[in-house]
Amino acid sequence: LATAVALIFASGCMTGQAIGEHPEWRKLIAQPADRGLSAELVRFPSTDGLTLSAWWITASRDPRADVVLAHGQGGNRSYMLGRAAFLVEAGYNVLAMDLRAHGDSDGRYMTTGYKEADDVLAAIEYVDAAKHERPIVLFGYSYGAVAVLHAASRSNELAAVIADAPFLSPHPHRGRRSAP
């Protein structure tokens, strides 16, 4: 009984954080120019109709691949600028995106990464539509790492996936066993 009460309390606390407007999740803490980067603000639709925002940042030399960056919970694309600067200097184009309910992207709730996988898949489509013919790499941090892992399981377009500090997040409709 104590375990059940604790789980109900914990899920209520997590739901309160996951739903609603969180101005701190939307505030950009830096701009690409702060890191010496030139970026284009781009927008594209998620698979469920939300408008997502991102910065397209081109490599400082002939690009080796296109990297989609996904931030952690409570952050946004501006939190990934350090990684973006490193990648751009190393010869990679970067799409630093805002996942749903973060930064300038639409949405009023977040999940534990499975709906955000739709956002990442939309980012892959955006990059792929540019017809660069370069490999596509996903790079996610924490909640963004979970999103890129879920997205990678549904895409054949990827050269690599980097998941920095993911956590366990099963899809709510997969892996359930039927009763005997």
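Colleague: How many helices and strands does the secondary structure of the protein come to?

Modeller: This is a predicted model, in which local features need pLDDT of at least 70, side-chain atom pairs count only at pLDDT 80 or more, and totals for chains, interfaces and linings use all residues. Residues are numbered from 1 along each chain as its sequence is written, and side-chain values use heavy atoms, with hydrogens and water left out. Helices (H or I, at least four residues) and strands (E, at least two) are DSSP runs, numbered from the N terminus. From that terminus the elements run α-α-β-β-β-α-β-α-β-α-β, and the secondary structure comes to 5 helices and 6 strands.

Colleague: Why do the buried residues of helix 3 lie on the same side?

Modeller: In helix 3 (residues 81–89), Leu81, Ala84, Ala85, Leu87 and Val88 are buried (under 20% relative accessible area, with exposed over 50% and partly exposed in between; 1.4 Å probe, protein chains only). They are on the same side of helix 3 because the arc they cover around the axis, taken from the directions from the helix axis to the C-beta atoms, is only 165°.

Colleague: Which exposed residues does the face of helix 3 turned away from its buried side carry?

Modeller: The buried residues of helix 3 pack against strand 2 (51–57), strand 3 (65–70), strand 4 (92–97) and strand 5 (136–141). The face turned away from that buried side carries the exposed Phe86 and Glu89.

Colleague: What share of the contacts with a separation of 6 or more comes from residues 24 or more positions apart?

Modeller: A contact means heavy atoms within 4.5 Å. Among contacts in the protein with a separation of 6 or more, residues 24 or more positions apart account for 68%.
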